[in-house]
Amino acid sequence: MSDQSAAADVDVDLRQLFASLARNWLRILVITLLVTGLAFAFAWLATPHYKATTQLKIQLSESAYTRPAGTNEDDKPVLDAEGVATEVQVISSSDILKQVAADLKLGDKPEFNYALGMSPVTRLLVIAGLKSDPEEIPLEERVLTKMRDKLNVYGVEKTRVIAVEFSSEDPQLAADIPNAIAKAYLAYQADAKTKSNAAATAFLGPEIDDLQKQVRDAEAKVAAFRSAQSDLLMGGNNSVLATQQLSELSTELSRVRASRASAEATAERVRQALQNGGSLDAVPEVLSSDLIQRLRERQIELRTNIADLSTTLLDNHPRLRAMRSQLADLDGQIRNEAQKIMRGLLTQAQTAKARENQLISDVNKLKAASSRAGEEQVQLDALQREANVRRQQLESYMASFREVSSRKNYLPVDASVFSEARVPSEPYFPKLVPIVGAALVGSLLLMSVITLLQELFSGRAMRPAPGARFERIEQVAMSAMSAPVVHPEPAPEVVEVDDQPTTVESELVPEPEPAPSVLEGAAAAGSEPQAEPVRSSLGEIDVEKAAEKLIASGAARAIFVSPEGDEAAASAVLVAREVSDAGLRVLLLDLTASGAASRPMLDSGLFPGITNLLASEAQFSDVIHADLYSDCHVVPVGTADPVRAMRAADRLPIIMQSLTTAYDLVIVECGPADAQGISRLVGDSTEVFMSMLQADDEVAQAAVELIESGYPDLTLVTPIGHETPGNPVPGRRSAA
């Protein structure tokens, strides 16, 4: 069968399902009222508990007038979520709780010391050793345990507020304890700061004395090295004198070199002008001479006079000739004067050269001295840096020491109580109306759900789906070869099929062979000792009718007995496959000795099965296998020792219950078993079938014995006529 056809085989009858609520209204109402009454009694008789809360604000409470110098509001650290969580743990620490318990004498109260309020029954249990003696636990631990059970310290989300919540049977204690915890926490913070300041003062005092001595020693080393050891004289700009002198001589040397070069260049230009007969007016040094300037003025004057007289006198006039002679003398004087200037420049250049040589010698000496001074300056700088580091550390320690000393009498605590706990006037537990209302609604809903689930799992709320392939189940009249219907007298019987009453005529069919006498004798023997005859309805049906009956009845278990042997076990296999193809979850449990039911489904008898499960050699997941020809699951006989497995036969009902819970239908093939053999397998919603191939004395006797043993609804099933491709019905074989 395909999954599509199986999905439409059965539906839930919602009308039948919810009608179960009306049928069971009395049970639902009684249990609901009983639970509600118990809840009311509990809420009325329970000891009231009161709850109070103290709230603390975690923040830096430093005043602007007591803040250390050089700090401001922006310098204070921001308390994050981890910081608030840390303070929560500090508040709920054992030290603070012990202090509060001691201050309020909680050990003397039975609420916190349960050893004080033990009832006589509890004392008897302690004496008998059935309960531990609470007095063996230290009193402090008992009180702390109770306090932690009643205490709730938490940080308010997205704030720096911590709430201290406490519950108690005494409303006054419910308010006093959180207030005392907050007070102890603030005192703990102040004490911690006091101890921290004292430790800082004890540390900084000797350190400052030691640093002062170290600073003095370091500065003394600097002064001694500078004066006595290195002779490092300091000049201007805090530099060594040798270095400063070297810088000055270098500047002077550069100036002398420039002066010498200028004098030499000027002398060279004058020499070239004199040698080449060029004009001396282009040389600034010549023109700057006073004598040359006067000679030039005289020369200009003579030339002017010569020019004036030339207009009236001839060239050979003695006066003109005298003026020209004077003019020539002036030129000679100018050249002589220029030569003197040239010689003066050369002398100046020689002097500058000598000065330059002297300066070079001095510079070389100062270079050596400056090099030595540099090395000594490095050592001096190292000593100076060490002295500076010591001095800075000393100043830092002294500033911290002054700050710590100023905080001896003022220690700001980083928390404050802004909402103290007040004595509660109403208990928070128990709340009569909410408890009773919740019990009423909850029990009503729970009983309704339980009733609906019982109706659903019982199968009474299931009906064939529209379009399902199963036909209406009818009782089939028995033929001459069928198992008999045993009645004291013929009577009509009402058989319910698909929840519809149907009247079926059951009659005794005359038997032509000797078998009737055996059947009649067995039936008569079975009916003699009973005051009221056992009424049963037996009919030989085929595999499809058996599958339809199991689906319609909603049976959870189907027990198949095969008195004829292994061949008759085919009925259980075929019925399991038919029901599985209808869409139900089916499992076949093979309890035959030879594995006749499971071997055709698995093509092998070497799989672990029920004997392995009983012998604790495997688990459920190891013994459940899939049928090769359908969606049915199979638990074969298994490979374990049967003798060892049967020692755990008492576990069969538990195994059957587990399988029934997991599957819609569990079919058990028991082979030629009797009523006592199948008694372990029968449970609620169980159908018993007998597989047969031929109605003979053996089958009739087995049927009568099952009917007499308390299974009047026994149904005969035959696999004859039901052909399955690839799996034909086996032939007749007499049972051993």
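Strand E15 (residues 686-691) is mostly covered, with six of its six residues buried; buried means under 20% relative accessible area with a 1.4 Å probe, protein chains only. Strands (E, at least two residues) and helices (H or I, at least four) are DSSP runs, numbered from the N terminus. This is a predicted model, where local features need pLDDT of at least 70, side-chain atom pairs count only at pLDDT 80 or more, and totals for chains, interfaces and linings use all residues. Residues are numbered from 1 along each chain as its sequence is written, and side-chain values use heavy atoms, leaving out hydrogens and water.

**Strand E15 and its neighbours**
- On one side of E15 sit Thr-686, Val-688 and Met-690, on the other Glu-687, Phe-689 and Ser-691, and all of them are buried.
- E15 pairs with strand E10 (residues 557-561) in the parallel sense over five bridges; two strands pair if DSSP finds at least two bridges between them.
- Within that pairing, Thr-686 in E15 stands opposite Arg-557.
- Strand E16 (residues 715-717) also runs parallel to E15, joined by three bridges.
- Ser-691 has Val-717 in E16 as its bridge partner.
- From E15 the chain passes through helix H23 (residues 697-708) to E16, a right-handed β-α-β crossover: with the strands pointing away from the viewer, the path from the first strand over the helix to the second runs clockwise.

**Nonpolar cores**
- The largest nonpolar core has 34 residues, and those with the most contacts inside it are Ile-610, Val-668, Ile-678, Met-690 and Leu-706.
- Such a core is a set of buried Ala, Val, Leu, Ile, Met, Phe, Trp, Tyr and Cys residues joined through side-chain atoms within 4.5 Å.
- Among the elements giving two or more residues to this core are E10, E15 and H23.
- A second, separate core of 29 residues includes Leu-574, Met-601, Leu-665 and Val-717.

**Helix H7**
- Helix H7 (residues 139-150) has 12 residues, so at 1.5 Å a residue it should span 16 Å, and the 17 Å between its end C-alpha atoms agrees; the expected span is 1.5 Å times one less than the number of residues.
- The buried residues of H7 are Arg-142, Val-143, Leu-144, Met-147 and Lys-150.

**The whole chain**
- The protein chain has 23 helices and 16 strands.
- Of its 736 residues, 38% are buried.

Terms used:
Buried means under 20% relative accessible area, exposed over 50%, partly exposed in between (1.4 Å probe, protein chains only).
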